[in-house]
Amino acid sequence: MIKYSLRCDHDHVFEVWFRNNDDCEAQMKHGHVECPVCSSTAISKSLMSPKVSGTRSQNAPSGPALVPANHSAPSQAVTVGAATPDQQQVQHMLRAFRDHVVQNADYVGDKFAEEARKIHFKESEKRGIYGEASVEDAKSLAEDGIDCLPLPSLPEDKN
């Protein structure tokens, strides 16, 4: 098995094991690999440092492996290891941030881009909002000078 360093379109970097390069390419092409942070399936290979083999068997992964929750097709993709204390702290901070937004902002559903523009152009009262927007909508908002960012997706969102 080969460990690949992958990157999503939101610049989250993570590692995944595949049987071979063809398996990696096929699974990324068909959307079977998703970012563990934001669930994006727009994945590309990231820079990796080669690992020189020692006495360990080349077929054995170097650490514990977990099958991803979105496992729907015959896949050899696995993520490596459990969350470190630093990762747990980051998850706690992201959870607190998301909870703060949800408690202190208005949910506008799929009208997020429309409502954000109304607020920006002073056609609606100034307030915090959250909701759904496509990547294209978010890019368009940024081009219009309207700041927005995605709410973090956390492990419990997959359960």
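A nonpolar core is a set of buried Ala, Val, Leu, Ile, Met, Phe, Trp, Tyr and Cys residues joined through side-chain atoms within 4.5 Å, where buried means under 20% relative accessible area, exposed over 50% and partly exposed in between (1.4 Å probe, protein chains only). The model shown here is predicted: local features need pLDDT of at least 70 and side-chain atom pairs count only at pLDDT 80 or more, while totals for chains, interfaces and linings use all residues. Residues are numbered from 1 along each chain as its sequence is written, and side-chain values use heavy atoms, with hydrogens and water left out.

**View 1. The largest nonpolar core has eleven residues.** Look for Tyr4, Leu6, Cys8, Phe14, Val16, Phe18, Cys24, Met28, Val33, Cys35 and Ile43. Strand 1 (2-8), strand 2 (13-18) and helix 1 each supply at least two residues of this core. (Helices, H or I of at least four residues, and strands, E of at least two, are DSSP runs numbered from the N terminus.) Apart from this core lies another, of eight residues, including Phe112 and Leu141. In soluble globular proteins, nonpolar side chains tend to be buried together.

**View 2. Phenylalanine 14 and its neighbours.** Setting aside residues up to four places away in sequence, phenylalanine 14 touches Tyr4, Ser5, Leu6, Cys8, Val33, Glu34, Cys35, Pro36 and Ile43. Contact here means heavy atoms within 4.5 Å.

**View 3. Two aromatic pairs.** Rings of Phe, Tyr and Trp (its six-membered ring) pair if their centres lie within 6.5 Å; planes under 30 degrees apart count as stacked, over 60 as edge-to-face and the rest as tilted. Tyrosine 4 and phenylalanine 18 are edge-to-face, 5.8 Å centre to centre with 70 degrees between the planes. Tyrosine 4 lies in strand 1 and phenylalanine 18 in strand 2, so their pair ties together parts 14 residues apart in sequence. Tyrosine 4 is buried at 5% relative accessible area, and phenylalanine 18 is buried at 0%. The rings of tyrosine 107 and tyrosine 130 have centres 5.2 Å apart and planes at 55 degrees, so this pair is tilted. Tyrosine 107 is partly exposed, at 48%, whereas tyrosine 130 is buried, at 16%.

**View 4. Aspartate 23 in helix 1 (residues 21-29).** Aspartate 23 is buried yet has no salt bridge (a side-chain nitrogen of Lys or Arg within 4 Å of a carboxyl oxygen of Asp or Glu). The nearest side chain of opposite charge, arginine 19, is 4.6 Å away; Lys and Arg count as positive and Asp and Glu as negative, with His and the chain ends not counted.
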